[in-house]
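Let's take a walk through this structure together, starting with the whole chain and ending with its aromatic rings. Please have the sequence and the 3D view ready.

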Amino acid sequence: MATPAQPAVDGPKSFAKLNALRDIEIAAQKRWESEKAFEVNSLPQKAPKFMATFPFPYMNGRLHLGHSFSLSKVEFSVAYEKLKGKRALFPFGFHCTGMPIKACADKLKKEVELFGKEFERYVEEEDAEEAAPPAADKKDAKENVDPTKIVKKHGKANAKNTGLKYQFQIMRSMGVPNEEIHLFANPTHWLYYFPPKAIDDLKQLGLHVDWRRSFITTDVNPYFDSFVRWQFNTLRKHPQPKIKFGERYTIYSPLDGQPCMDHDRASGEGVGVQEYTGVKLQVLLDDIKAIPLESRDKVKDVPVGKYLTSPEILAALKGKTLYMVAATLRPETMYGQTNCFVGVDLAYGIYQVNATEAWICTERSAKNMSFQGLFGTARGEITKLGSLKGSDLIGVPLKAPLAQYSKVYTLPMEGVLATKGTGVVTSVPSDSPDDYITMQDLIKKSAYYNVQSKWVEPFMPPKPIIQTPNFGNLAAVAAVEKLNIKSQKDKVQLAEAKELVYKEGFYSGVILVGQFKGKPVQEAKPLIKEYLIAQGLAFTYCEPEGQVISRSGDECVVTLADQWYMDYGEESWKKTALECLGKMETFQNETRNAFEKNLDWLGQWACSRSFGLGSRLPWDPTYLIESLSDSTIYMAYYTVAHILHEGTLDGSKPGSGNIAAADMTDAVWDYIMLQGPAPKSKIPKAMLDKMKQEFEFFYPLDLRCSGKDLVTNHLTFFIYNHTAIFPPEKWPLGVRSNGHLLLNSEKMSKSTGNFMTLSEAIQRYGADATRFALADAGDGLEDANFVYKTADDAILKLFTEKEWAEETIKELGTMRTGKLSWNDRVFEAEITRIVAAADKGYAAMLYREALKCAYYDLQNAKSEYRKATIASSDPNLANEKYEGMHKDLILRFIEVQALVMAPISPHWSEYMWSTILKKSTSIQTALWPTHNVPVDTSILKGAEYVRDVVYRIRAAEDAAARKKNKKGGKEAAAPPADAPKTIRLYYASSFPAWQDAALEALKKTWVNGAFTGKEREVLGDLMKDKRVMPFIAMMKKIIETVGASGFDRRLEFQELETLKANADYIRRELVTMKITKVEFVAKEDVATGFTEEDVAKADTAVPGVPTYRLF
């Protein structure tokens, strides 16, 4: 069974409540299915429509909450747009293309052979905890890790790590019965097992999906296969062909024998190819051999070059020229070489290149070179002539190409990595801060590093090779001095210096030496690389940017292979992609920036492979189309899928159109989707026109929702392919990306148990409470958080509100009708305002905000209304008379909340709508609530004012009581029987003259939406009043926040009228203060007959901020 979800601290609130909500959900789902509530068809004429999609999930397992979070964005948007009167379509397909299923099936096949059909021969292995090494060993192992190596931990990769060794164990963890697991050794079985389960789970969640349009990918579905083949033929036949063939560098799995693209990887998703210039530094063997072994300089008592000049190595070399090869990103700096660096403890090898050369580098880089045809052997074949450590190379003399010295030396450097480049680092201290500071360290501590001064000091200070505007002609030296870098240990500052120097050199530098002297670096760089290669002094070398592990468990390399590829990055195509992006709604600037950055660097992409599942290239069927390339425009396929094969995911039976898959030719697809000429076809013209109508009605795609990680590949490909195939009016209109989902603030991980499938979530919380928590989880690009307690509490909230509505409906006959009171008008205005705010939240796809409005704000408004109109349980108010609630408003409230919550909790809303309100049709046919008059902002301001008055009185009295208690050292006693029974509120009809004068002066300093800072000049003598400057500071803050409207302090409501209408409310709210009477006195009327306390209290009252006295 699947790993159980971790329980919340106190568990679900009540199984009875959960079960009641689940019964409601089941009933609603049955109704929707019978009424075909989510089936949406086109109209022959234009009408408001909305089509949104979610990247079809890969079918190698059950759907989990991570899937659910991203797809909930589509779900909420479609439900909302449907309420707004649009024909809202949410289709859903299932991705099966690529390596993962095939790789898992192959693993199972081997495991069945190894352990038996039901794995009966498998013996449980020792628990990893018990087998772990002692703590001390772990510490040592950690200390041996290279501290300079940055290990990137991808959330997605962590989620893929199950902690289980065998595939059959993973299948068991997904709930697959043990006796059925062997069936998954056939990759096709996966295609028929997981998609139906996904559909069941999604239906239980209440998704607004038109399931008629669903399908699985690969050539198992002949209809979808014909669509993909048409897509690729169209791309290839484009006036500027988008698919090309040729040798190109690509990430490659030696074990699988084919390119390893993003979806084929167990780890390393998003890692691309890094191209270097491999620089050949000739080892001066004759110079070494010319000095007798005993007379040579020594490194830790070992003569320099002892290993390289040993009889065994010399015999193996057979006279070949020996080179140390360094990988550099800056060939233009080779004029400044003073030495090369190696890691003293790194392992190196001597590898035969051809009959005349041998190279020294790491084994990892040699493996990459062998797959790039650099060794003149069959791809992947390596001939190793010797093994040595970096320490064996220290002091070895070299001839460096383009260097201004005839001889340089090999020196030690801290932090050289075996996992990056060749392990040999060419040194240019004039323009590399790392190289410069290392040379300084070697000069200062030559004995410590076991180097001879003559290997270092003659080459320092470095010679200028590039002129830069801000760092002069020795950029590295200037940057090191500027950032006060003292040694190789200053990693942070060195990284900053490197970035500054490299950018300055590339974008603004000019070459000072050599045949390209005077040329800008940007222009000279490729020319220098070409020259070095032409002279046999360098070569192009590539490797993965980081470690890539294939689904087969193989570490990938870069190979130079003949293959079909998408010509992404080609200038004219990129231009149209950017044009499309410019017109798209991305909802967040971060998403747009990510697209722009990705479009700027993305280049050619291999679109074919030899192994896995998928459709075959129509013109070269020896190749399969890779998984990110058959999933770029399939959203268009949704528009006609139901006509082609409704009722079958695999297209095994024709749909309502009774069309044979073989008849879906390129000419037919052209007619349907590209306004092509009417084809000669067995398909009736009326049916062709029906499919064309479906496409024309629903396309372009209005919205695509996805996790942010797909911006770098799938979503960018989605833009590219749409612009290549469709005219601009059919380009996608919007993309909404989101962060990953955390569970209770921690990353989802099967290995740690912090993981929950969608079916587990529904079983535990029900559909609506799960949706409630998904809406509350977050809307930005940062990781969202599904909180168990939120889902638990949602069960209680939804159940309690349902019960309240059921009881309240029974009491409608006792409620008021007719003219609305002040409290009624406030409640009505609150509902109208909240509906508008929820509308705004939904439209912006800010679902946490929409939920706040649709549920929490409406509940608060209801609570305030009930508090003002119906009896309280407070015994102090036992004899109070209340006006009671208004029947029409209560019905409106229940109706409105059902409607605005419908996108998030549709089953609950359906019950409120159909069962409680007894509406004749489903809420799925209802429209967003409307109102005939605008929001009454004046009465809302008045209500806010009254609540603020009560709050400030309470706060002031509480503060006074605490102060009194603090002085007396005892708790404040309850008010005695003769405590004040009357509260007198003083209100003002105008502001103090000094405030008006100061504000009028301040207005003169507000120019073009900002203050000039000349307040003191215009205030003049007004500043003699000590009250003025604090007042001015307060008003500036308000105006800077709200704008020029802040100068207008007039109230939007009648203060006295509002106070009088709420006298009973104020008295009741202050009942604990024993208030029995409320008086209202105008500030201007406080004169004769009033006490000094009255005068003092009234004097500080201003419009909107009354003062008070108790007596």
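The paragraphs below go from the overall chain to one helix and then to the rings.

This is a predicted model, in which local features need pLDDT of at least 70, side-chain atom pairs count only at pLDDT 80 or more, and totals for chains, interfaces and linings use all residues. Residues are numbered from 1 along each chain as its sequence is written, and side-chain values use heavy atoms, with hydrogens and water left out.

Along its principal axes, the C-alpha trace spans about 120 × 85 × 65 Å. The chain has 37 helices and 34 strands, taken as DSSP runs numbered from the N terminus (helices are H or I, at least four residues; strands are E, at least two). Of its 1111 residues, 54% count as buried, where buried means under 20% relative accessible area with a 1.4 Å probe, protein chains only. Among contacts (heavy atoms within 4.5 Å) between residues at least 6 apart in sequence, 77% join residues at least 24 apart. The accessible surface, from the Shrake-Rupley method with a 1.4 Å probe, comes to about 49,200 Å², and 52% of that belongs to carbon and sulfur atoms.

Now find α23, where twelve of twelve residues are buried; among them are H714, F717, F718 and Y720. The end C-alpha atoms of α23 are 16 Å apart, which agrees with the 16 Å that its twelve residues should span at 1.5 Å a residue; the expected span is 1.5 Å times one less than the number of residues.

On to the rings. A search of the whole structure finds 69 aromatic pairs. Rings of Phe, Tyr and Trp (its six-membered ring) pair if their centres lie within 6.5 Å; planes under 30 degrees apart count as stacked, over 60 as edge-to-face and the rest as tilted. The rings of F92 and F94 have centres 5.5 Å apart and planes at 50 degrees, so this pair is tilted. Both F92 and F94 are buried.

Y699 and F726 also form a tilted pair, because their planes lie at 50 degrees, with the centres 5.7 Å apart. This pair links distant parts of the chain, 27 residues apart: Y699 is in the loop between α22 (685-698) and β25 (703-707), and F726 in the loop between α23 (714-725) and β26 (735-738). Y699 is buried at 2% relative accessible area, and F726 is buried at 3%.

Elsewhere, ring pairs link F56, F215, F224, F227, W230, Y634, Y637, Y638 and W669 into a cluster.

Definitions and conventions. Buried < 20%, exposed > 50% of the residue type's maximum accessible area, 1.4 Å probe, protein only.
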